[in-house]
Amino acid sequence: MTDGTDVKDGNGESTFTVVVAAGANLGIAVAKAVAGVISGSSAMLSEAAHSVADTVTEAMLLTALKRSEKPADEDHPVGHAGERYVWAMLAAVATFVGGAVFSVYDGIHTLTHGEELGDPLVSYVVLAVSFVLEGFSLRTGVKQVRAEAERMRAPFAEYLRLTPDTTVKAVVLEDAAALAGLMLAAGGLLGGQITGSGVWDGVASILIGCLLVYVAWTLGRANAQLLIGRPLPPAMRAGVREELLGVPHVVEVLDLVTLIQGPGEVLIAAKIDFRDAVSAAEVERACEQAERRLRARFPSVRRVYLDPTPG
């Protein structure tokens, strides 16, 4: 979870990360396509499709960031934070359709029909430059995730797996996959150059497609969980219950619901059993104190609804 101390600042940092990735991928896509045509390499063309899919994905993520900033209104009383996950889900589909399907198809076509290999020098140069640019983009995303993980005192891998900021998660996973895809493409080119066979190139193209399938599936599943409604992690839910039980006059937390509505936006609803002898005014004060305690410990909490219920 992000700590949610300043959602706008978080969005600004995420926007910068996505813009860096989009700019790198746009230039890389054109270079890979030209190199693929010159060398006749299906792996290079698959990498071009990979970069095009990443560029489209990042355009959708920028749209998600922009639209999720819209304030709550009468028709959207809890705001538009959840819209980020709709666009991020569409971005995962774009990665699958635009990159994975083309790569697997092109690889199978190469294996069944063969290919004429041209001069691979241009492809090697493009791969080297692409590796540097993708590495810079990945470094930007990892830097943001590491800073947020340290702020939350969580391990990097666990934070990346659980973070509701799926825009940054998408950039990190896609850039990591891009670096792996570049190495696969280089291996396919080298294998073809040594053996004179296009089989290596075709296999590399299929492996790039499989890599993109994994990335699309991982991102799609993460966004689907958040769209359906994902609760806080167990340790944080235990902390919420602990804070509620620490409020004067609270006897028991009968039912607790936590819901992540967006990065830095959490809703908490609970049925609380208060002592029978307390007055209505004391119950009201206890509810106010409970909300203050929850916001102090978990700044990402935006909405708290407490229902006094007999145990």
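Modeller: A salt bridge is taken here as a side-chain nitrogen of Lys or Arg within 4 Å of a carboxyl oxygen of Asp or Glu. In this predicted model, that rule gives a count of 6 salt bridges, one of which joins the side chains of D307 and K271 at 3.0 Å, N to O. Because D307 belongs to strand β3 and K271 to strand β2, this pair ties together parts that are 36 residues apart in sequence; D307 is partly exposed at 34% relative accessible area, and K271 is partly exposed at 35%.

On the helices, E243 is in a salt bridge with R293 (3.0 Å, N to O), a pair that links helix α8, which holds E243, with helix α9, which holds R293, across 50 residues. E243 also forms a salt bridge with R297, with the closest N and O atoms 2.9 Å apart, and here the separation between helices α8 and α9 is 54 residues. E243 counts as buried at 12% relative accessibility, whereas R293 is partly exposed at 27% and R297 is partly exposed at 37%.

Beyond its sequence neighbours within four places, I268 is in contact with residues including V240, L256, L294 and V304.

D273, in strand β2, is buried yet has no salt bridge, the nearest side chain of opposite charge, R275, being 9.5 Å away.

How values were computed:
Residues are numbered from 1 along each chain as its sequence is written. This is a predicted model: local features need pLDDT of at least 70, side-chain atom pairs count only at pLDDT 80 or more; totals for chains, interfaces and linings use all residues. Side-chain values use heavy atoms; hydrogens and water are left out. Contact means heavy atoms within 4.5 Å. Helices (H or I, at least four residues) and strands (E, at least two) are DSSP runs, numbered from the N terminus. Buried means under 20% relative accessible area, exposed over 50%, partly exposed in between (1.4 Å probe, protein chains only). Lys and Arg count as positive and Asp and Glu as negative; His and the chain ends are not counted.
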